[in-house]
Amino acid sequence: MTPVRAEDPRATNAFAPAGRSLLLQVIAHPDDDLFFMNPDCLQLLAAGVPVVTVVVTAGEAAGRNRAAHEPLPGTSDKPGYSGARQQGMRQAYAEMLGRDPFTTWERTVLALPHGIAAETDSLATGGGRAQLVFLNIAMRGAHGTRLPALWEIPGTVMRTLRATDSPVPHTYTYDHQALVDVLAWLMARLRPTVIHTMDPDPDYQVHDAAQPKGSDQPHFSDHRDHTPTALFTWKAIAQWVADSDRREGPTPRFTTTSYRGYYNQRWPHNLPPAVLARKVHYIAAYGGAPNWPCEDPAGCGDYSQGGTHALTSRKGWARSTHPRYPGPSPAPLVDRSGRTVAYGVLGTKAVRWRETRPGSGRFGAPDDLGGGPLAPALSAVTDAAARHLLFGLRFSALDGQGRADTREVVVLEQRGPDGRFAAWRGLGAPERDAVRGRHVGCPVAVATPDHRVHVFARTAAQGLATRIRDTSGRWGPWLHLGGGQVQDGLTVLLDGAERIHVYAAGHDAVHHWAQSRPGGPVTFRAPTGHPPPDGPPSAVLRPDGHIDLVYRASATATPYAYDASARPAGTALPHFAGYGDITARTAVPPGERRAVTVLLGTADGGRPQIQYGTSPHDRPLLDPAHPLAVGSPSLLAPPGQPASVVGMAPDATPWIWRPQLAPRA
């Protein structure tokens, strides 16, 4: 077996300077991006960001391109079905670029490492550019070999499939390291600033009459090709970064998002009708129809996905777009001088950006804090001694080939206020079994005035676990807190009596854990009784001491504010329509003295929006300078001060928005 060129969590380096933006997507099959990553890809294209999508498999399945309500074709044509699906991708991307779906693309052959070649198709318009790279590894090889074996079993090899009318004249062989090397080479050649890929560690899932298996893997709620594609991508990312560090070159500057796959159907949907309609329009363009005049000999799309199929399918995959590692990014704090300090993950490493001076609204160069390879979401807190602590989820082993694949929660602590950081420390995972440990969620932490720090994480059983740093600085063991099944994306806060509350989205309600007294144990409480959220609920301590929960119900655009201690219908916030996560804090509006609840979210087109107040008459303000945030932006609200928004641009640089006017009714 080839030695793993793994990223060293102790390695730090200078980052590459900010440059042009580029989105790289790595998917298993034609259509994975359209089902699971849009509208994010569409919004980046609309903002003028070039997109390169790499499709790992040929997507040939059984080779039967069946249109809805038509009989199954009598003969299998795997090269033809592969080529038709590729034509479907060209149709969808042409429409996303504002062109006719049958626009002619430039189709060429790209030479890759290990003597391999792949088809690459390019289309440029006045406002954007898309490139499709088809590696075309057969979904099922000799003796039934599938992509999971290429990841797991040493010595496995798989051949490519030549699609009908492909300019690639030959087939090629991939082993494990060849696929890693090809993906890492593409990353080094393209130098993306945003990477989208699939979920390397999908949920465990019981398959029963209520939640049928469909085409999911046994036990996991996702397709068997999605998971190894994500694992190969993350391993290639780590190799690309490690090779850059070993050459003492600058660390690549990029952010990464992994997207949930099939188990979107297991949870409340999170796309409102207008956003969903745009998404399924491009899925329909991919699906095409047998009578479309595309003039491709393989066919004009993946006919089973044409028309209204994405809307009528009981699986509902298109109805959600969820990141595997949710949470705002970057995570902002304030140092003792009053400067905003933003912590995030860049090039799979933890980084710190510091404001050039208090109130400047500009960040300096990123400081590499190492720790990689890290999942994209960090939790940052200030403890009672004014020291910053960072919590992340590390890919502690990304080996495959019969070797370990492990994850662990890690922490980085300052030695003193505004001081240097100590070394990264592993906190393990709340699962003894290494395989179950892969399914742990992103950690979320809170510091209490009694000098304790609590970190929480979702378990493989979809409950809650915690570790506590005591007043002497020692970390206790992981404690399982039970609870019902919840999605990842935890919200934690202190109430007016300094008691901890944790909220998470369940199938049927908001789930709640809390302390009965400061310093006491955190225990599971009855679900709140409010409608199930479409994603992580936000919680805020109102100026009157009550806790509000703010979120959208499934498949809706309008959020509601609910009193967490009661069971009212909630207050609609009709002007704060949009989609995606909402963050709520208490802040003083500019020019005023009284604190109110302030909301941060995303409008339909992806532009950040902020609103002071939660009455039905309050109106949001759209960010005039940043039409698009990559991921979910963060809301910073120091006590007694106006709020600031911190987000990431497509070129992997952070920005600050300080609204000067509060659009109050």
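Four strands, in the order 30-31-32-33, make up an open sheet with antiparallel pairing. Two strands count as paired if DSSP finds at least two bridges between them. Helices (H or I, at least four residues) and strands (E, at least two) are DSSP runs, numbered from the N terminus. The edges of the sheet are strand 30 (583-587) and strand 33 (621-622); each has a single partner strand, so one side of each is left without a neighbour in the sheet. Strands of a sheet pair through backbone hydrogen bonds, either parallel or antiparallel. Within this sheet, strand 31 (residues 596-602) and strand 32 (residues 608-612) are joined in the antiparallel sense by five bridges. In that pairing V598 faces Y612 of strand 32.

The model is predicted: local features need pLDDT of at least 70, side-chain atom pairs count only at pLDDT 80 or more, and totals for chains, interfaces and linings use all residues. Residues are numbered from 1 along each chain as its sequence is written, and side-chain values use heavy atoms, with hydrogens and water left out.

**Backbone features**

Most residues other than glycine have a negative phi, and most peptide bonds are trans.

| Feature | Residues | Angle |
|---|---|---|
| cis peptide bond | N38 to P39 | omega near 15° |
| cis peptide bond | S329 and P330 | omega about -5° |
| positive phi | D31 | phi about 100° |
| positive phi | T348 | phi near 70° |

P39 sits in the loop between helix 1 (32-36) and helix 2 (40-46). P330 belongs to the loop between helix 8 (309-312) and strand 10 (331-334). D31 is in the loop that runs between strand 1 (23-27) and helix 1. The loop between strand 11 (340-346) and strand 12 (349-354) holds T348.

For accessibility, buried means under 20% relative accessible area, exposed over 50%, and partly exposed in between (1.4 Å probe, protein chains only). D31 has 8% relative accessibility and therefore counts as buried. T348, at 3% relative accessibility, is buried as well.

**Nonpolar cores**

A nonpolar core is a set of buried Ala, Val, Leu, Ile, Met, Phe, Trp, Tyr and Cys residues joined through side-chain atoms within 4.5 Å. In soluble globular proteins, nonpolar side chains tend to be buried together. The largest nonpolar core here has 61 residues, of which L24, L112, L135, Y174, L179, L183 and F391 touch the most other members. Helix 5 (residues 176-190) supplies the largest share of this core, nine residues. A second, separate core has 54 residues, among them A92, L132, V275 and V630.

Contact means heavy atoms within 4.5 Å. Leaving aside neighbours within four places in sequence, L24 is in contact with V52, V54, M187, L190, P192, V194, I195 and H196.

**Cysteines**

A disulfide is a covalent bond between the sulfur atoms of two cysteines. It is assigned here to a pair of cysteine sulfur atoms within 2.5 Å, and by this rule the count is one disulfide. The bond links C294 and C300, with sulfur atoms 2.0 Å apart. The torsion about its S-S bond is about -85°, so the disulfide of C294 and C300 is left-handed. C294 is buried, at a relative accessible area of 12%, and C300 is buried at 5% relative accessibility. Two further cysteines can be described: C41 is buried at 1% relative accessibility, and C442 is buried at 4%.
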